[in-house]
Amino acid sequence: STLIPVSTLESFHNFLRSPNCKTVLALVGAGLSASSGLSTFRGSGGLWKRYNAIDLATPDAFLDNPGLVWQFYAYRRHKALQAQPNLGHYVLAELSKLANINFLTITQNVDGLSQRSDHVPEKLLEFHGSLFGMRCTNFSCSYEEHNNYKDPLCEALRVDNFDQTDVLPFLDEQELPHCPACKVGLLRPAVVWFGESLPLQMIDKADEFIVRNRVDLMLVIGTSQAVWPAASYVDIVRNQGGKIAIFNTEPDGDEKDCWQFIGDSAETLPVAME
Ligand code: BJW
Ligand code: ZN
């Protein structure tokens, strides 16, 4: 069902199989998980149509109404746990296991599907954190946890309670997850919200791969390239002479000097990378 022009495929495969293609970077966004049934960030569906996802992913939104923001994340945790990785995730996992290329995936997704596709963990940067991490908001407490797949996290965040309603119940802070260490702090999802800095070591690892290695080929998969700093890597790679391949359902009119695989990345990635 996916039509990729033969000329695109041929020239891409020629480069992929040439000795010049040794270092490959994948930059991943929400579109990679779309065919697993998860909403993209700038096109959220269902209950969350009435809210702007971009407005909820901020420190101010959490300060203003932590219950609402927690409901948003509880919902997305629940959906992510129900979802399965798709062929796009598995293609990247295979690339991470190849011994003859230098490979890194930078995922902006927090859904954990790349991990679950058995991607080599050392070659995967969860750039915007994870839905399954939490940390304490009490400034004098450093409690954090990883890989917490409990669902629901607490009774008030049982998704069945608010999945079918139009009006979300207001949640008091007392009903939300609290820190088991200091006992007073409210927990928050360990994701990177707008205006927050990415962990320095994350930026360092990305810089090291991109700047030190020089990337030969960058796969830009299912991302609107709207969010800094992830989006800036495309220009860095291009300016260093690396090649760009875009996998997106929408053609990018501004991009001329690159391969474009237009369609569902769960279908185009397996064809392109075979
Ligand atoms: C398919 C498909 C299919 C669909 N197959 N494709 C002005 C004010 C304040 C801040 C800034 C500012 N100017 C710049 C900034 C910095 C800001 C920023 O970039 N803002 C821009 C919006 C302008 N960045 C930050 O704040 C970052 N921190 C930072 O810079 O710190 C220093 C600093 C601080 C303060 C001021 C300035 C600097 C942090 C950014 C963190 C972003 N966090 C989020 C939330 C994470 C947690 C969560 O998920 O809830 O990350 S926002 C959201 O966007 C999420 C995503 O990872 C990210 C990227 O979205 P993505 O993945 O591209 O999804 P979509 O939906 O946009 O696109 C999907 C694409 O897939 C589309 O193209 C579809 O066509 C395609 N598609 N189906 C293939 N089947
Ligand atoms: Zn605490």
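**Close-up 1. The loop that holds P229, in a predicted model.** P229 is found in the loop between strand 7 (217-221) and helix 8 (232-239), where helices (H or I, at least four residues) and strands (E, at least two) are DSSP runs numbered from the N terminus. The peptide bond that leads from W228 into P229 is cis, with omega near 5°. This is a predicted model, in which local features need pLDDT of at least 70, side-chain atom pairs count only at pLDDT 80 or more, and totals for chains, interfaces and linings use all residues. Residues are numbered from 1 along each chain as its sequence is written, chains are lettered from A and ligands numbered from 1 in the order in which they are written, and side-chain values use heavy atoms, with hydrogens and water left out.

Close-up 2. In the loop between helix 7 and strand 7, R214 has a positive phi of about 65° although it is not a glycine. Most residues other than glycine have a negative phi, and most peptide bonds are trans.

**Close-up 3. The surroundings of ligand 1.** Ligand 1 is surrounded by 32 residues, the closest being R42, Y73, E196, S224 and W228; a residue is near the ligand if one of its heavy atoms lies within 4 Å of it. By class, this shell has 13 nonpolar, 14 polar and five charged residues, with Ala, Val, Leu, Ile, Met, Phe, Trp, Tyr, Cys and Pro counted as nonpolar, Asp, Glu, Lys and Arg as charged, and the others, Gly among them, as polar. Because domain 1 (1-38 + 85-128 + 199-274) and domain 2 (41-82 + 130-191) both give residues to the shell, ligand 1 lies between them; the domain bounds come from an automatic or database domain assignment.

**Close-up 4. Polar side chains at ligand 1.** A polar side-chain atom of R42 lies 2.6 Å from an oxygen atom of ligand 1, and an N or O atom in the side chain of S224 is 2.5 Å from an oxygen atom of the ligand. A polar side-chain atom of D264 lies 3.0 Å from a nitrogen atom of ligand 1. Taken alone, ligand 1 exposes 1,500 Å², of which the protein buries 74%, with accessible areas from the Shrake-Rupley method and a 1.4 Å probe.

**Close-up 5. Elements beside the second largest pocket.** Strand 3 (124-126), strand 4 (129-136), strand 6 (187-191) and helix 7 (200-213) each supply at least two residues of the lining of this pocket, and the largest share, five residues, comes from strand 4.

Notes:
A polar contact is a pair of N or O atoms within 3.5 Å; within protein, one must be able to donate a hydrogen and the other to accept it, and residues adjacent in sequence count only if both atoms are side-chain atoms.
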